[in-house]
Amino acid sequence: PVKQIRLGHRFRYENQVLEVDEAALLASISQDARISDVKLAVASPGERTRSTGIRDIVEPRYKVSGTGQVFPGVLGAVETVGEGRTHRLSGMTVIAAAAYDGTIRAGTTVQRSAILDMAGPGAEISRFSQYVHLILSFGIVPGLGELDAHSAIQSAEIKVAQRLAQVTAALQPEKITTYDLSEKNPELPNVMLIQGCITDPQHVHSGVGYYGLSLRNSLSTFIHPNELFDGAVTVDTTRSGRGYYPTTWDWQNHPLVLELYAAHAKTVNFGGVVLQRIRFEPNHGKEVGAQNAARLAKAMGADGALVTWIGGGNAFVDVMFTVRACEQAGIGTTLVTYENGGKEGKDSPVLFYLPEADAVVSTGALDRTVELPAMDRLIGPYEQIKIFPFPGAAPV
């Protein structure tokens, strides 16, 4: 656990304080010719600090035993991960905050960034305000395409994250948790997580990567949940500014995966995770994708499934089709989804509905707004923030 980060002249972890060799990290990041103007800063809970230009957030981790290394296919070779022991620096994150204009100016694939307040009403609605952050603030050289920009941002943040966690390699962890699905209770139902991942065929990355490979052209894929803990699933760092899109940190700490593990062999048997590409077009693709996800879950022995998703718009049709296909295959489903409802909460909470979706859990409202006061300190590449009502619109 990390309670404090200090910028200094060496790497050391002691008494929940992480000391960081600032010059070494800056030199490492600056080796990438695509990156310019690198700075490091620390933000702590309760400070009246606002971070801008956030592209992704990652938790530092380092494998001390087992096959492969964290972030396989991105940081190193494609080797299967999810076993052995991985050290994590909990209570802190690495934030990549990058200035990038993008070459796509309109549509759903336009670049986005986020902000984070460490105090005030903004902090109250963000899970990340409770952690201490090492913020990498830098620029991307002009004219760089989206895929190159994403690669530069992602490479910087995960290299730093791994290097920070590496300081614990020879240390005894304060706490060790074992995640093992090998032993099951034969009297309990087998439950899987079907995770819908929105993709865009017009974007070079598509939003979600598995071992560094875009899911854009994939049908459903079964993965062991431990692969998530080792960073096998990553995000598109040029588009993760939407509040309901997960960061890499969220994949590393997937809440439904952790809850299913907590219930494993007690109330259910956790059967693993299905990554499902959603937002097929036209309708034919949505039907095929839904049936494919249900068949894969059935083949893996699922009696029940939690179905959840990342995305918006017509991708929800794919999700509802998946619920229907699972129910028709004899797999009892619970849909876990955010609500729309508009700013007043009076509109339809879901965009599309089928009668098979008779068990639904809400994770909260998407469309509510909050007024953010000025902060005392600004960290990040942007001093002014442009808010676009929709991609391609004029800023307000």
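How many residues lie between S2 and S3 in their hairpin? Two, and Asn-15 in the turn has a positive phi of about 55°. Before going on, the basis. This is a predicted model, in which local features need pLDDT of at least 70 and side-chain atom pairs count only at pLDDT 80 or more, while totals for chains, interfaces and linings use all residues. Residues are numbered from 1 along each chain as its sequence is written, and side-chain values use heavy atoms, with hydrogens and water left out.

Now the whole chain. The protein chain has eight helices and 20 strands; these are DSSP runs numbered from the N terminus, helices being H or I with at least four residues and strands E with at least two. Its radius of gyration is 21 Å, close to the 21 Å from the globule rule for 396 residues, so the chain is as compact as a globular protein of that length. That radius is taken over C-alpha atoms, and the rule is 2.2 Å times the number of residues to the power 0.38. The C-alpha trace spans about 60 × 55 × 35 Å along its principal axes. Of the 396 residues, 52% are buried, meaning under 20% relative accessible area (1.4 Å probe, protein chains only).

Back to strand S3, residues 17-21. Five of its five residues are buried, so S3 is largely enclosed by the rest of the structure. Val-17, Glu-19 and Asp-21 cover one side, Leu-18 and Val-20 the other. S3 has strand partners, where pairing requires at least two DSSP bridges. Strand S1, residues 4-8, runs parallel to S3 and is joined to it by five bridges; Gly-8 has Asp-21 as its bridge partner. Strand S2, residues 12-14, is antiparallel to S3 over three bridges, with Arg-12 opposite Glu-19.

Next, the cores. A nonpolar core is a set of buried Ala, Val, Leu, Ile, Met, Phe, Trp, Tyr and Cys residues joined through side-chain atoms within 4.5 Å. The largest has 55 residues, and those with the most contacts inside it are Tyr-210, Val-233, Trp-251, Val-257 and Leu-275. Helix H8, residues 315-328, gives the most to this core, with nine residues. Apart from it lies another core of 36 residues, including Leu-40 and Val-160.

Last, contacts, which means heavy atoms within 4.5 Å. Beyond its neighbours within four places in sequence, Tyr-210 touches residues including Leu-215, Phe-222, Val-233 and Leu-275. Among contacts between residues at least 6 apart in sequence, 78% join residues at least 24 apart.

Technical notes. Buried means under 20% relative accessible area, exposed over 50%, partly exposed in between (1.4 Å probe, protein chains only).
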